[in-house]
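Colleague: I would like to learn how to read packing features in a model. Could we work through one together?

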Amino acid sequence: MTGPVVVVGDTLLDRDVEGVVNRLCPDSPVPVLDEIAHVDRPGGAGLSAVFAAAQGAEVVLVTALADDAGGARLSVLLAAAGVQVYPLRLAGATPEKIRLRSGGRVLLRHDRGGGVGELGEPGEAVLRLLDRASVVLVSDYGRAVARQPALREALASIRAPLVWDPHPRGPAAVPGANLVTPNEAEVRELTEAPVGGTRLATAAEGAQRLRQRWRAGAVAVTLGADGALVSHTGSTPLMVPAPVAAEGDTCGAGDRFAVAASLALARGALVSEAVQEAVAEASAYVADGGVATALPTPVRRAPQAVHAAVAGDRVGVAASAAVVARVRAAGGTVVATGGCFDLLHAGHVATLQAARQLGDCLIVCLNSDASVTGLKGPDRPVMRQDDRSRLLAALSCVDAVMIFDEPTPEAALSWLRPDVWVKGGDYGGGGDGDGLPEAEILRRWGGNTVVVPYLDGRSTTEIIAATATRAEVVR
């Protein structure tokens, strides 16, 4: 593969709540689930991107993130999986799917997040990205991303293999897709198949109709434990049986199928070969326990992005989201900066004041205690994150503070999507904003990085060292 695997589509926040049921609700004859544990994960296109990244591929996800806690959590999970996110603005709430489970079975699914929100335009970086992809997978979950006009125009003209995983509530695949991968229920709904036909005949006829309607190279209808049926240019469909009869949790099996087929096409496989590989991968996925066991460890252990507010309503994801939403609604400029801010001093304040003058709000991305320790060593931070965030939030030039646990602010930035990212002039080797490690991230949505003047002789490390020296002299 010479370029990245690009996944385009709607990302949802999925949560599996595992518990035990040993009693009924006293006011209604329904079971009571006592929660034992829960796991958050990216769903939809995000899950496809996580699967691809787990195979060692360079993976880029073009998706929409909302300005809410769900969007912030998704940014953390995707960053933990090694997925590069090129975010589009999503007005409204992050769609969420919550599965209540006991004994390995789903008792109830609770969906929330409202309807389809308004979507922002993709930047030039997204369009250039599609141009150099080794394969593009459109993972449509019936919301907004696959409908975006500029994206559809770009997808219709890409040179790389295009795999389209459709949704009945989504748009048609763009003409020329190499492979379309609906399941049999989706084929029935998309083609309004009459009731009564045999399973194989319905799949074959529906696949042929979709291939002709969408002018696709091939349509592979997934048939669960029976494998997949492929309609191609020949008159006789290809039936690919599953190598093992797998029973279990099928959540994510369609995503695993589409990803496996995409990676095979990126390596130069024929469509028939790609489908055979995808059937084998999806069957093994279900047999091995499904998403519960396939989810990479870094995603399962990713820390929570939401920290409780400790300074009124100016600290945390909700506070940051409210500020950003207000400024964007007025057409203003969102500015962000970040750092440890351990022992807040005059140099910090000068940087923050200069940064605030560059736009209509300033969000500070603050390294958590765990993040500071990882970067600075076991003796840091000197001040805990609650105190550091209180001090920052008390400054008139700071509009909100967001605490993040990772070594870098990549996940926070992918969610905030600031117009300008600022660092002090002592950082990154002078006044060249492109020298900042965050510069490439900001380019994904057309943002800019800058440095501002810094007061010489102000350094947290030097202050700590000087304090220690004086304490030793006093002894």
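Colleague: In which strand does Arg 99 lie?

Modeller: Arg 99 lies in strand 6, residues 96-102. Helices (H or I, at least four residues) and strands (E, at least two) are DSSP runs, numbered from the N terminus. Some ground rules: residues are numbered from 1 along each chain as its sequence is written, and side-chain values use heavy atoms, with hydrogens and water left out. This is a predicted model, where local features need pLDDT of at least 70, side-chain atom pairs count only at pLDDT 80 or more, and totals for chains, interfaces and linings use all residues.

Colleague: With which residues is Arg 99 in contact?

Modeller: Contact means heavy atoms within 4.5 Å. Neighbours within four places in sequence are left aside. Arg 99 then touches Arg 15, Asp 16, Val 17, Arg 41, Val 106, Leu 108, Arg 109, Asp 249, Cys 251 and Val 291.

Colleague: Now helix pairs. How do I describe one?

Modeller: Two packed helices are described by the angle between their axes and the distance between the axes. Axes are lines fitted to C-alpha atoms, for helices over the stretch in contact, and angles run from 0 to 180 degrees between N-to-C directions. Take helix 1 (residues 45-54) and helix 7 (residues 253-266): their axes come within 9 Å and cross at roughly 50 degrees. That makes helix 1 oblique to helix 7. The classes are roughly parallel under 35 degrees, roughly antiparallel over 145, roughly perpendicular from 65 to 115, and oblique for the rest.

Colleague: Which hand has the crossing of helix 1 and helix 7, left or right?

Modeller: A crossing is left-handed if the near helix is turned anticlockwise from the far one by less than a right angle, and right-handed if clockwise. The crossing of helix 1 and helix 7 is right-handed. Helix 1 brings Leu 47, Ser 48, Phe 51 and Ala 52 to the contact, and helix 7 brings Asp 255, Arg 256 and Val 259. By class, these are four nonpolar, one polar and two charged residues. Ala, Val, Leu, Ile, Met, Phe, Trp, Tyr, Cys and Pro count as nonpolar, Asp, Glu, Lys and Arg as charged, and the others, Gly among them, as polar.

Colleague: At what angle do helix 7 and helix 8 cross?

Modeller: Roughly 145 degrees, with the axes of helix 7 and helix 8 (residues 271-287) coming within 8 Å. This crossing is right-handed. Among the contact residues are Phe 257 and Leu 265 of helix 7, and Val 275 and Tyr 285 of helix 8. The contact of helix 7 with helix 8 has 14 nonpolar, no polar and three charged residues.

Colleague: Which hand has the crossing of helix 5 and helix 6?

Modeller: It is left-handed. The axes of helix 5 and helix 6 come within 9 Å and cross at roughly 60 degrees. That makes helix 5 oblique to helix 6. The contact of helix 5 with helix 6 divides into five nonpolar, three polar and five charged residues.

Colleague: Which residues of helix 13 are buried?

Modeller: In helix 13 (residues 369-376), Asp 369, Ser 371 and Val 372 are buried. Seen down the helix axis, the buried residues fall within an arc of 160 degrees, so they line one face of helix 13. The arc is that of the directions from the helix axis to the C-beta atoms. These buried residues pack against strand 15 (361-367), helix 14 (385-393) and strand 16 (400-404). The face turned away from the buried side carries the exposed residues Ala 370 and Gly 374.

Colleague: What follows helix 13 in the backbone?

Modeller: Just after helix 13, Gly 377 takes a positive phi of about 115 degrees. A cis peptide bond joins Arg 380 and Pro 381, with omega about 5 degrees. Pro 381 lies in the loop between helix 13 and helix 14.

Colleague: What is phi of Arg 417?

Modeller: Near 50 degrees, a positive value in a residue other than glycine. Arg 417 is buried, at 5% relative accessibility.

Definitions and conventions:
Buried < 20%, exposed > 50% of the residue type's maximum accessible area, 1.4 Å probe, protein only.
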